[in-house]
Amino acid sequence: MLEYRVEIALWAISGVIPFFMLNIWTNNNLNESINISDVMLSRYFLCAFFVRQFSVVWVVFSFEEDSLMGKVSPYLIQPLNPFFRYFAQHLAEQITRFPFALIIVFFFFIFNPESIWIPNLGLLLLSIVSTFLSFLIQFLIQSIVACLCFWTEKASSIERLLFIPTLFLSGLLAPVVSFPSYVKSWIYLTPFPYLIDFPANLLSGNETNISGGLSMQILWISLLFPLFKKIWSEGTKKYTAMGS
Amino acid sequence: MKLRKYLKVYKKFLHTSLASELEYKTNILIDLITAILSLIGSIFLLSIFFQNNGYIGGWKFEQALIIQGIYTILNGITNTWFNPNLTEIVKHIREGTLDYVLLKPIDNQFFISLKKINPSGFLEIILGFFLLFFCIRINQINLNLSFLTLSLITISCSICILYSLWFFISTTTIWFVKTWNAIEVLRSFLYIGRFPLNSFSFSLRIFFSIFIPIAFITTIPSEVFLGLSQLWKILLEVVVASVFLITSRKFWLFALKFYSSASS
């Protein structure tokens, strides 16, 4: 992983969209309508950036490539689910990304010194846990999509479709509090607000329902995991190596 | 004579790449749904921004929709032509197949920029045009000849700038080999083209008009639509577009001197 330092730095930079959004919010005083101060809002978007950095998942693209290239066959012989391999890759890259993300945070604080804060230890630990749970939810969803590779060759277009609601509803571009009420009435039942909005609110110290959020995350994982196991066992039965 | 030859070659390109893309028909359907959802999502996001007082950087919601429409068209063009071709450059260079491209008796920039086509981007272009027509109605814009020519000029300049930016980044592959992530950075920067330039702070505005001229790409054509644009801005866009096109071409020719094929 350390071989690709420049890549990972660029990858970290490509996550800066939350900062552009923050710029629009503060520059047009949009926070007046949702009762969040400028400082809290900038902390929110900074945390959204951070949570996103540590919950990005791309397993479907790796799996699609491996499956098209026929690399999945040797993995299947091994006595370990190949998704563990991807899981380990993701974790390794997150660790490598940590220093780059810190550098970006450092620059953020230089430009916005008033928003410096130190989260209290309990909340910090809870937000790390919830970020990891958010990563798990996304990893499971994408693994399920990746298993569709067994039926169609290009599962990545389904992933691109699922990415749209993730982008707009997860709170990466605008905090979920600011959504109109006709969306807020149902959005908390979907997994999306727990991907970024909930961990970011925890970390930034904004108001949020801690036990409700964590239990929803765990609920979604316990729903998705059996589904993944089912689709995986169905898919491997269906599997015929490419070119055979 | 030369032009005829290039047109003929391009027709062949279209034919082969369409044939290969239509192999994945369900994919195209999924891409259509993705494009529609993505447009709905951006309008939803925009409506959140306008909840407060109905203005963002001096633009009304109906006016900001024009920017959205132009962005959708340009994004469709990117997905149809720029993205499939210029990501191919990365592959050509990594695997050394650029050699074959260079040996062909045809301009290599032409070949690598237009070889492939992704038809699902068309749907986005059509969606963008629908949105634009809708905006023309709700903003009561008069369609006349000077408006049409000016908007055509500015939009084609935007396409040129966009193409040059993509081509420029893809060219750097010759030195860095892996530029997927640089393309990702460009994509995320282009994202701000969905919003009026005036809604950003002064320093970001400067950054996005001088270093990466995303400001020119959507805001100036939208101002033309609203009849707000001054002549100097349009002229400036033409100048910027031609400078970008020429430098990206020069840069490509310069970079080719450093190309040493794979594994050599």
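Visitor: In which loop of chain A does N29(A) lie?
Guide: Welcome! This is a predicted model, where local features need pLDDT of at least 70, side-chain atom pairs count only at pLDDT 80 or more, and totals for chains, interfaces and linings use all residues. Residues are numbered from 1 along each chain as its sequence is written, while chains are lettered from A and ligands numbered from 1 in the order in which they are written. Helices are DSSP runs (H or I, at least four residues), numbered from the N terminus. On that numbering, N29(A) lies in the loop between α2 (17-27) and α3 (38-53) of chain A.

Visitor: Is N29(A) buried or exposed?
Guide: A residue is buried if 20 or more other C-beta atoms, placed from the backbone, lie within 10 Å of its own, exposed if 12 or fewer, and partly exposed in between. N29(A) has 11 C-beta neighbours inside 10 Å, so N29(A) counts as exposed.

Visitor: What is the phi of Q140(B)?
Guide: Most residues other than glycine have a negative phi. Q140(B) is in the loop between α6 (120-138) and α7 (145-171) of chain B. Although Q140(B) is not a glycine, its phi is positive, at about 50 degrees.

Visitor: Why do the buried residues of α4(A) line one face of the helix?
Guide: In α4 (residues 59-69) of chain A, the buried residues are V59(A), V60(A), F63(A), E64(A) and S67(A). The arc is taken from the directions from the helix axis to the C-beta atoms. Those buried residues line one face because, seen down the axis of α4(A), they fall within an arc of 125 degrees.

Visitor: How are α7(A) and α10(A) oriented?
Guide: Axes are lines fitted to C-alpha atoms, for helices over the stretch in contact, and angles run from 0 to 180 degrees between N-to-C directions. Helix α7 (residues 121-147) and helix α10 (residues 197-204) of chain A pack with axes 8 Å apart, at an angle of about 165 degrees. Angles under 35 degrees count as roughly parallel, over 145 as roughly antiparallel, 65 to 115 as roughly perpendicular and the rest as oblique. That makes α7(A) and α10(A) roughly antiparallel.

Visitor: Which helix gives the most to the side of chain B that touches chain A?
Guide: Two residues are in contact if their C-beta atoms, placed from the backbone, lie within 7 Å. The contact takes 31 residues from chain B and 29 residues from chain A. On the chain B side, α2 (25-49) and α9 (180-190) each supply at least two residues. With 13 residues, the helix that gives the most is α2(B).
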